[in-house]
Amino acid sequence: MAKEEEMVKEKEEQTLENRCPACKASISFDAKSGKWKCEYCGSSFTLEEMQAHSDNASGEKKNQKKEGDSSDHTQYVSYHCESCGAEIIADEETAATFCIYCGNTAILQSKLSGKFSPDQMIPFQKEKKEAVDAFKSLAKGRPFVPKDFTHEANIEKIRGVYIPFWLYDVKVSGDIVMNAETVERWTVGKTHYTKTNVFKVTRGGDMMFQKVPVDGSSHFDNDIMNSIEPFSNQKLIPYNHAYLSGFYAEKYDEEGDKVFSEASNRTLNTARGVLKDDAVLYVSKTIVADHLAANEEARSYVLLPVWMVNVKYKNKMYIFAMNGETGKFVGNIPLDLGKVFLYTIIIFAIVMAISIAITYGIFIGG
Amino acid sequence: MKRKLLFFILLLLIISILPVHAKPETYDRNTLEDYGVRKNWTINENNLNNVLRTYAVNASEKIYDFSEILTEDEEKQLREKIDAFEKKHHMELIILTDSYEYPESLKNSCYSDTMADKEIFRINDEYAADFYDYNDFGMDYNMSGILIFRNTAIDPCFDAMYYDMYTFGNAQLYFDQSRYDTVLDAIFDDLHSDNYLSGFESFISKVDSYVTSGKPSALEQYYVDESGYLQKLPATYHVPWGMCAAVSGVITLIVILILVHKNKMVHKAVQASAYLAKDTVHITNRQDVFVTSHVTSYTESDSSSGGGGFSSHGGSSGGGHSSGGGRHG
């Protein structure tokens, strides 16, 4: 215990929290209505109303980027809850969290300021209930889901998290060289001829990819974050910490330069396909030389909404995620091997019966 | 007197060591009821000549050596083997030899081997089939039996003697062309060299082994009707278990894999097509340089695929039989 306490480097954090303009109680953002709702007095407020009544809500003022603010942070930090005064410990990357004693939202200002100040964000548009419903309906159309897997009771934790993403504008330029073939066929008498023409085909040019997302947090599985794509660029709005109320938030811990390679690889793959598809006359195309390069034209740091759903089933943890904007729900579901076996037998028997019936039909007809 | 006695004794000795041949006994058909034809053939003006020119014999005998190429002792040896064959297979086996002269008109066909072959085949086929059909040969309802005919007459085209084997009734089911060829080829040397005992023994042995081994697969779908014609059995449906299981296995695997895949929703993203601004695609370099070309060809084979099946050919009697195709030698 003493050791753990030693690991926690006490560091006072200035916390931000949103309060009801009417009763000053703690207030949270409601994803469904797109407004802030006070559960204490029942009032609801738009962003403009919140900004007009609360300095805290106009996070832009306090969270301006400061160049050079990149001090080396420790693993854990503590803060004082503005609501009940309790001391809460959070890890290094946590930018918004909850007081474990009173449940009050706390936004750690320094985590979202300076170079960690997001440029844009997409507010949550899907509620927690929708994430729970999506989990409960996973068995629909999936016969191999274990019978009791989708019970709500298996959800150990469900959190709405603003995940840090890098959005890159990427320009891909250059050319590719392909060996390509066309085929002509003709028949003279009973002789069939096939003429194969071989070409050296070059296609070059440039194209822009806009706002390619790459997860900036090492805490979250990149493949899961890839799988909940896409997010709508049109839904991006300037960052405002008022939207963090009621949700968790992370700051990035992977630098934009470091993870650009992921965006680069994806854009190069797509560009290669676009150029290859442009050579429409050919039946087979093999790339023999590739001179494509991906250049970062612009980069922005954004927070994107994700519902993280932790499920415990038969003492094993499963992680699911739902795109907080579109509702796309992803995760790997365990297989019920008994059902797989049963379905295999049933499908085989049915197909076998059909194939025998077809061969008998052909026999009768023929 | 002594001289005469000595000469007589010497003559008797010579006669006793010379091979003894015996001509088969025949009957005049005009004296017999229905011309000696006891089978259900219709005798009319079209086949009456065939009936009358065909030897009428006692069908209990199995060897009809009109050419007298077998001694009585050889016939006895062969008869024992034939009896054993008939008991084993319940099928008649006849050895027929004759010097059946070819008509003068055959010479008109000598210009072509194929034509000559066909004509010689036809003449011998008619003779042998008539001999079998118009005598009381054959076992069971469709008169099953096998006959080998050695025509010792010399034909004017190939300047050779001829032999062929003929099958009647169910015996037709045991011989496809390959088996006929094997039997006829196996006895060629012996018959060509006049080693008739050895040749006919080989014949009986070969025929016995084939009948014992059962029908060749190509004839399994056939039967012989009451008139002696090969008929194809009505097709029966056999479940193609192997093919159905293979197809079902592949389809099942595909369906199961699709359903399993539904449980895996997390995939690594390798494309960024959703983020491509399509109006920014500028393809500025398009080069298509011809390098080479090559032509391949294949010609459809003229040979027709698929078997034509089997069929009997009819004799003058109207009954069906099959034959090996014959050999000149």
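Q: Over how many bridges do strand E10 and E14 of chain A pair?
A: In this predicted model, strand E10 of chain A covers residues 155-188. E10(A) runs antiparallel to E14(A). The number of bridges between E10(A) and E14(A) is 26.

Q: Which residue of E15(A) is the bridge partner of A:Val306?
A: E14(A) is joined to strand E15 of chain A, residues 316-323, by eight bridges. The two strands run antiparallel. The partner of A:Val306 within E15(A) is A:Asn323.

Q: Which residue takes a positive phi in the hairpin of E14(A) and E15(A)?
A: This hairpin has two residues between its strands. A positive phi near 50° is found there at A:Lys314.

Q: Do strand E9 and strand E14 of chain A run parallel or antiparallel?
A: Strand E9 of chain A consists of residues 120-121, and E14(A) of residues 284-313. Two bridges join them, and A:Gln120 has A:Val302 of E14(A) as its bridge partner. The direction of this pairing is parallel.

Q: How many helices and strands does chain A have?
A: Chain A has 366 residues, of which 34% count as buried. Among its contacts between residues at least 6 apart in sequence, 70% join residues at least 24 apart. The count of elements in chain A is seven helices and 16 strands.

Q: Which element gives the most residues to the side of chain A that touches chain B?
A: The contact takes 58 residues from chain A and 51 residues from chain B. On the side of chain A, the elements giving two or more residues are strand E11 (191-215), helix H5 (222-227), helix H6 (256-278), strand E16 (329-331) and helix H7 (337-365). With 22 residues, the element that gives the most is E11(A).

Q: How many residues of the side of chain A that touches chain B are nonpolar, polar and charged?
A: Chain A gives 58 residues to the contact with chain B. Divided by class, they are 26 nonpolar, 20 polar and twelve charged.

Q: Why are H7(A) and H8(B) oblique to each other?
A: H7(A) packs with helix H8 of chain B, residues 241-262, and their axes are 8 Å apart. Their crossing is right-handed. Angles over 145 degrees would count as roughly antiparallel. H7(A) and H8(B) are oblique because the angle between them is about 140°.

Q: How many charged residues has the contact of H7(A) with H8(B)?
A: From H7(A), the residues in contact include A:Val340, A:Tyr343 and A:Ile347. From H8(B), they include B:Cys244, B:Ala245 and B:Val247. By class, this contact has 15 nonpolar and six polar residues, and the number of charged ones is no residue at all.

Q: With which residues of chain A is B:Ala274 in contact?
A: B:Ala274 sits in the loop between H8 and E9 of chain B. This residue is partly exposed, because 15 other C-beta atoms lie within 10 Å. Apart from neighbours within four places in sequence, its contacts are A:Glu229 and A:Pro230.

Q: At roughly what angle do the axes of helix H3 and helix H7 of chain B cross?
A: H3(B) covers residues 72-89 and H7(B) residues 196-213, and their axes come within 10 Å. Among the residues in contact are B:Phe85 of H3(B) and B:Phe200 of H7(B). By class, the contact divides into seven nonpolar, two polar and four charged residues. H3(B) is roughly parallel to H7(B), and the crossing angle is roughly 5°.

Methods:
Residues numbered from 1 in each chain as written. Chains lettered and ligands numbered in written order. Predicted model: local features only at pLDDT ≥ 70, side-chain atom pairs only at ≥ 80, totals over all residues. Contact = placed C-beta atoms within 7 Å. Helix = DSSP H or I, 4+ residues; strand = E, 2+ residues; numbered from the N terminus. Nonpolar A, V, L, I, M, F, W, Y, C, P; charged D, E, K, R; others polar. Axes fitted to C-alpha atoms, helices over the stretch in contact; angles between N-to-C directions. Parallel < 35°, antiparallel > 145°, perpendicular 65-115°, else oblique. Left-handed = near helix turned anticlockwise from the far one by under 90°. Buried ≥ 20, exposed ≤ 12 C-beta atoms within 10 Å, placed from the backbone. Pairing = 2+ DSSP bridges.
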